[in-house]
Amino acid sequence: MYKSLTQRKQELDGYRPLPPGLVTNLDDWFRVELTYTSNAIEGNTLTRKETALVVEKGLTVRGKSLHEHVEAHNHAKALDYVHSLVDMPTTELTESHILNIHRIILQSIDNDNAGVYRSFPVRISGSLVVLPNHVKVPRLVGEFVTTLNAQSSKIHPVELATWAHYELVTIHPFADGNGRTARLLMNLILMQNGYPPAIISKRQRERYIRTLEQAQLGGSRTDFDKLIAGTVDKSLNIFLKAAKGEDAPQVANRDNLLKIGQLAKLSSQSVSTLRHWTDKGLLEVADQTDKGYYLYSIAQVDRIKEILGLKAARFSLDEIKLKMTTPD
């Protein structure tokens, strides 16, 4: 699973150093995308475009809560802090760095608990997972950081980052903000090792939570590992396309996006088919209208052609999804 990621990362290294303008473009795009997706997983209703307006322009979005605006600002600031640590080796990561990430995440939202380990028991709503007693949290985090430092040169960087995410969110050291902190820590480790950050999309939320809980309840962690590897592979693809001059990601402009009916007409497919493929995770939603209707980029036309080609080769939809979301 990690061999192909190593090969693609080596291919990307061949284009480094990337032009400064391209690096800025990629950093700006990932800053918005990571903020949008990480907060959306936790229930924030700002759309991708609205997140860009809040983070990049400092604007206020009508109809959205102050809390959601602060979450967007905080995540972007926490990501900036993570970037400031990228040149530091993973062996030097400390508890203080993790606490600082969390402090920025909850700043002006819950100041009493920002950057502080929880002092009371917690449960995950709707989950059977039993979390560690709060009394054990400082010791568990200390042991986690010691193991992280020791393993940083012994296992594949993507495996290490995935493990770090899983372990931190399973310890659940904070009253709130555990998922966002764990995802930022994971991406810090990836970037320290030359990999682009992993984006867990809003549409992957159910799979993300399910595979996490599966492992936390004593099952295999393989499905979670594959999910994260797939997101890293997708980010590598974004960087490689940009490095080759094929494509540079841009924050979605809603004026250039397609409604499902328009996409159906362009691809000669029925709306019900495209809706089904979207629900299956085969098509990517670029944004949503205020009423919740999906919007798609023009790139999904080529994706539909790819799906049709695989269907013609007698692949099932589940097999097609696996091929599209999991690296070799």
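Author: The protein chain splits into domain 1 (1-244) and domain 2 (254-324), with bounds that come from an automatic or database domain assignment. Before going on, bear in mind that this is a predicted model, where local features need pLDDT of at least 70 and side-chain atom pairs count only at pLDDT 80 or more, while totals for chains, interfaces and linings use all residues. Residues are numbered from 1 along each chain as its sequence is written, and side-chain values use heavy atoms, with hydrogens and water left out.

Now to the place where the domains meet. The C-alpha centres of domain 1 and domain 2 are 27 Å apart. Seven residues of domain 1 are in contact with twelve residues of domain 2, contact meaning heavy atoms within 4.5 Å. The size of an interface is often given as the accessible area lost when the parts come together. Here, about 750 Å² is buried between domain 1 and domain 2, with carbon and sulfur atoms giving 31% of that area; buried area is the accessible area (1.4 Å probe) that two parts lose on being put together, summed over both. On the domain 1 side, Thr47, Arg48 and Arg203 lose the most area to domain 2, and together they make up 60% of what that side buries.

What about specific pairings? Between domain 1 and domain 2 the count is one salt bridge, meaning a side-chain nitrogen of Lys or Arg within 4 Å of a carboxyl oxygen of Asp or Glu. Glutamate 284 forms a salt bridge with lysine 234, and their closest N and O atoms are 2.4 Å apart. Helix α3 (residues 48-57) supplies three residues, the largest share of the domain 1 side that touches domain 2. Helices here are DSSP runs (H or I, at least four residues), as are strands (E, at least two), numbered from the N terminus. Sorted by class, that side of domain 1 has no nonpolar, one polar and six charged residues; Ala, Val, Leu, Ile, Met, Phe, Trp, Tyr, Cys and Pro count as nonpolar, Asp, Glu, Lys and Arg as charged, and the others, Gly among them, as polar.

Salt bridges turn up elsewhere too, and the structure holds 15 of them. In one, the side chains of glutamate 42 and arginine 183 meet at 2.8 Å, N to O. That pair links distant parts of the chain, 141 residues apart: glutamate 42 sits in the loop between α2 (20-41) and α3, and arginine 183 in helix α8 (residues 178-192).

Leaving aside its neighbours within four places in sequence, arginine 221 is in contact with Trp163, Tyr166 and Ala215.

Finally, a couple of backbone details. The peptide bond from arginine 16 to proline 17 is cis, with omega near 0 degrees, and proline 17 lies in the loop between α1 (2-13) and α2. Histidine 172, in the loop between α7 (157-171) and α8, has a positive phi, near 55 degrees. Most residues other than glycine have a negative phi, and most peptide bonds are trans.
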